[in-house]
Amino acid sequence: QELANTAWAYATIRDAAPALFDAVAGVAAARVSEFEPQELANTAWAYATAGHAAPALFDAVAGVAAAHAREFKSQELANTA
């Protein structure tokens, strides 16, 4: 949750922080299978909002989200898409 919240917070305040986003992506990509739907949604939203490319992270988020799509609330699913 801390990884998702950190990315979300920086995206919300519009702070690009590329080194931070790169570091979070590196750790989060390996751990997204542990994320709850809200955390997946917040992470995807944060990177999209920040305009920060993280292909490995997005691939990992997409794989987990697709496997657990029925567990998502409609807003979580919309933010992840």
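The crossing of helix 2 and helix 4 is left-handed. The model described here is a predicted one. The axes of the two helices, helix 2 and helix 4, come within 9 Å and cross at roughly 30°. Because angles under 35 degrees count as roughly parallel, helix 2 is roughly parallel to helix 4. On the helix 2 side the contact is formed by Ala25, Ala28 and Ala29, and on the helix 4 side by Ala56, Leu57 and Ala60. Sorted by class, this contact of helix 2 with helix 4 has six nonpolar residues, with no polar and no charged ones.

Helix 2 covers residues 18-31 and helix 3 covers residues 37-50. The two pack at an angle of about 150°, and their axes lie 12 Å apart. With angles over 145 degrees counted as roughly antiparallel, helix 2 and helix 3 are therefore roughly antiparallel to each other. Their crossing is left-handed. Phe21, Val24 and Ala25 of helix 2 meet Ala46, Tyr47 and Ala50 of helix 3. The contact of helix 2 with helix 3 has six nonpolar residues and no polar or charged residues.

Helix 2 itself has 14 residues and spans 20 Å between its first and last C-alpha, close to the 20 Å expected at 1.5 Å a residue. Its buried residues are Phe21, Val24, Ala25 and Ala28.

Helix 3 and helix 4 cross at roughly 150°, and their axes come within 11 Å. The crossing of helix 3 with helix 4 is left-handed. Helix 3 contributes Leu40, Thr43, Ala44, Tyr47 and Ala48 to the contact, and helix 4 contributes Leu57, Phe58, Val61, Val64 and Ala65. By class, nine residues of this contact of helix 3 with helix 4 are nonpolar, one is polar and none is charged.

Helix 3 has 14 residues and reaches 20 Å from its first C-alpha to its last, close to the 20 Å expected at 1.5 Å a residue. The buried residues of helix 3 are Pro37, Glu39, Leu40, Ala41, Asn42, Thr43, Ala44, Ala46 and Tyr47. Gly51 follows helix 3 and has a positive phi, near 65°.

His52 is placed in the loop between helix 3 and helix 4, the latter comprising residues 55-67. Since its relative accessibility is 14%, His52 counts as buried. Leaving aside residues up to four places away in sequence, His52 touches Pro18, Phe21, Asp22, Tyr47 and Phe58.

Ile13 is located in the loop between helix 1 (2-12) and helix 2. With a relative accessibility of 59%, Ile13 counts as exposed. Ile13 and Ala50 are separated by 37 residues in sequence and by 9.5 Å in space, C-alpha to C-alpha.

Technical notes
Residues are numbered from 1 along each chain as its sequence is written. This is a predicted model: local features need pLDDT of at least 70, side-chain atom pairs count only at pLDDT 80 or more; totals for chains, interfaces and linings use all residues. Side-chain values use heavy atoms; hydrogens and water are left out. Axes are lines fitted to C-alpha atoms, for helices over the stretch in contact, and angles run from 0 to 180 degrees between N-to-C directions. Helices (H or I, at least four residues) and strands (E, at least two) are DSSP runs, numbered from the N terminus. Angles under 35 degrees count as roughly parallel, over 145 as roughly antiparallel, 65 to 115 as roughly perpendicular and the rest as oblique. A crossing is left-handed if the near helix is turned anticlockwise from the far one by less than a right angle, and right-handed if clockwise. Contact means heavy atoms within 4.5 Å. Ala, Val, Leu, Ile, Met, Phe, Trp, Tyr, Cys and Pro count as nonpolar, Asp, Glu, Lys and Arg as charged, and the others, Gly among them, as polar. The expected span of a helix is 1.5 Å times one less than its number of residues. Buried means under 20% relative accessible area, exposed over 50%, partly exposed in between (1.4 Å probe, protein chains only).
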